[in-house]
Amino acid sequence: MSKITVDHHPSQAKLESLGILHCPTWSKEPSTFPWTYSEQETAYVLEGEVTVTADNGESVSFGPGDLVIFPSGLKCIWHVKKALKKHYKFG
């Protein structure tokens, strides 16, 4: 399985090429929950602080301005430390 990738503060050109700023947003209050990705997700974080721990033990943290790619097949635990708001797209 591939890893979760985090691009801290990607360029505006990269964000525009992905079209992520025109995608829907999702918000979540501070919480902890399991998640499984049936397809790849690309997310751009607007607000919040999150740590995601994959079932293989890999842990990544991200926050505002980060572009995060979650691979298809990933099983993980989300720990939302500060209320989250992100743009997202699947596939």
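**Note on salt bridges, cysteines and one backbone angle**

1. Lys86 and Glu41 are both buried, where buried means under 20% relative accessible area, exposed means over 50%, and partly exposed lies in between (1.4 Å probe, protein chains only). Their side chains form a salt bridge, with N to O at 2.6 Å; the term requires a side-chain nitrogen of Lys or Arg within 4 Å of a carboxyl oxygen of Asp or Glu. Lys86 belongs to strand 7 (residues 75-90) and Glu41 to strand 4 (residues 41-54), so this pair ties together parts that are 45 residues apart in sequence. Strands (E, at least two residues) and helices (H or I, at least four) are DSSP runs, numbered from the N terminus.

2. On the basis of these values: this is a predicted model, in which local features need pLDDT of at least 70 and side-chain atom pairs count only at pLDDT 80 or more, while totals for chains, interfaces and linings use all residues. Residues are numbered from 1 along each chain as its sequence is written, and side-chain values use heavy atoms, with hydrogens and water left out.

3. A salt bridge also joins Lys82 and Glu49, whose closest N and O atoms are 3.6 Å apart. Lys82 is in strand 7 and Glu49 in strand 4, so the contact ties together parts 33 residues apart in sequence. Glu49 is partly exposed, at 31% relative accessible area.

4. The model holds four salt bridges. One of them pairs the side chains of Glu29 and Lys28, at 3.5 Å from N to O. Glu29 is partly exposed at 46% relative accessibility, and Lys28 is partly exposed at 23%. Side chains of opposite charge can pair when their charged atoms come close.

5. There are zero disulfides in the structure, a disulfide being a pair of cysteine sulfur atoms within 2.5 Å. Cys23 is in no disulfide, and the nearest cysteine sulfur, that of Cys76, is 19 Å away. For Cys76, the closest cysteine sulfur is the one in Cys23, and the 19 Å between them is too far for a bond. Cys23 is buried, with a relative accessible area of 16%; Cys76 is buried as well, at 6%.

6. The backbone at His9 deserves a line: phi is positive, about 55°, although the residue is not a glycine. His9 sits in the loop between strand 1 (5-8) and helix 1 (12-18). The residue is exposed, with 60% relative accessible area.
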